[in-house]
Amino acid sequence: MERTLVLIKPDGVRRSIVGEVISRIERKGLRIVAMELRTLDAETAKTHYEEHAERPFFGSLVEFITGGPLVALVVEGERAVEAFRALAGATDPVTASPGTIRGDFALEVQQNIVHGSDSTYSAEREIKLFFPDLG
Ligand code: RTP
Ligand code: MG
């Protein structure tokens, strides 16, 4: 069974749509196997987004993702990585399809409510980073 790391980013928590996002995950038939509300330190944020270290938006992204509490979840199910990316929608919420989380709730590319691992390889790395004790 495949697992993916989901983050409900600080904008999602601030806007009180944690329940809405969790509800969509559950309705899809995916299972939550770990969940935690926490505020990231800069080091964890930089490690999480290390693939973007050279991008011009990196500093601003780290500031945003550490700027308030977020909810981290490990979600499990059939092709969970792809299934959650489909629920989330395109990175840019303006072009994300209505019906997706980003398409329904956001307008700005940085404040796009959720993160989902982009491959099973990334999922394994990210789950270890957020939930080192998970078996
Ligand atoms: P994520 O990693 O958060 O699930 O999002 P993603 O795969 O759809 O997009 P990715 O390219 O990995 O970008 C990571 C996050 O960085 C912010 N971003 N800002 N200012 C910009 O041009 C820009 N581009 C990306 C977004 O928060 C994006 O989700
Ligand atoms: Mg990504």
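**Reading the model: questions and answers**

Over residues 1-135 of this predicted model, the chain is 41% helix and 19% strand, with its end C-alpha atoms 13 Å apart.

Q: Which order do the elements of the protein follow from the N terminus on?
A: They run β-α-α-β-α-α-β-α-α-β-α, and the totals are seven helices and four strands.

Q: Why is the protein called as compact as a globular protein of its length?
A: Its radius of gyration is 14 Å, and the globule rule gives 14 Å for 135 residues; the two values are close, so the protein is as compact as a globular protein of that length. Along the principal axes, the C-alpha atoms fill a box of roughly 35 × 35 × 25 Å.

Q: What else can be said about where His115 is found?
A: His115 sits in strand β4, residues 114-116. An unreviewed UniProt entry gives His115 the annotation "active site". Leaving aside neighbours within four places in sequence, its contacts are Val6, Leu7 and Lys9.

Q: What makes Leu7 stand out in the largest nonpolar core?
A: That core holds 29 residues, and Leu7 is among those that touch the most other members, together with Leu5, Val6, Val75, Phe84, Ile101 and Val114. Elements giving two or more residues to this core include β1 (2-8), β3 (70-77) and α5 (80-88). Beyond four places in sequence, Leu7 is in contact with Leu70, Ala72, Val114 and His115. As a general point, nonpolar side chains tend to be buried together in soluble globular proteins.

Q: Which residues lie around ligand 1?
A: They are His52, Phe57, Leu61, Thr91, Val109, Gln110, Asn112, His115, Gly116 and Asp118.

Q: How many residues of each class are in the shell around ligand 1?
A: Three are nonpolar, six polar and one charged.

Q: What share of the contacts with a separation of 6 or more joins residues 24 or more positions apart?
A: Such pairs account for 70% of those contacts in the protein.

Definitions and conventions:
Residues are numbered from 1 along each chain as its sequence is written. Chains are lettered from A and ligands numbered from 1 in the order in which they are written. This is a predicted model: local features need pLDDT of at least 70, side-chain atom pairs count only at pLDDT 80 or more; totals for chains, interfaces and linings use all residues. A residue is near a molecule or strand if its C-beta atom, placed from the backbone, lies within 6 Å of it. Ala, Val, Leu, Ile, Met, Phe, Trp, Tyr, Cys and Pro count as nonpolar, Asp, Glu, Lys and Arg as charged, and the others, Gly among them, as polar. A nonpolar core is a set of buried Ala, Val, Leu, Ile, Met, Phe, Trp, Tyr and Cys residues joined through C-beta atoms within 7 Å. A residue is buried if 20 or more other C-beta atoms lie within 10 Å of its own, exposed if 12 or fewer, and partly exposed in between; C-beta atoms are placed from the backbone. Two residues are in contact if their C-beta atoms, placed from the backbone, lie within 7 Å. The radius of gyration is taken over C-alpha atoms; the globule rule is 2.2 Å times the number of residues to the power 0.38. UniProt positions are given in the numbering used here, feature names are shortened, and annotations may be inferred rather than shown by experiment.
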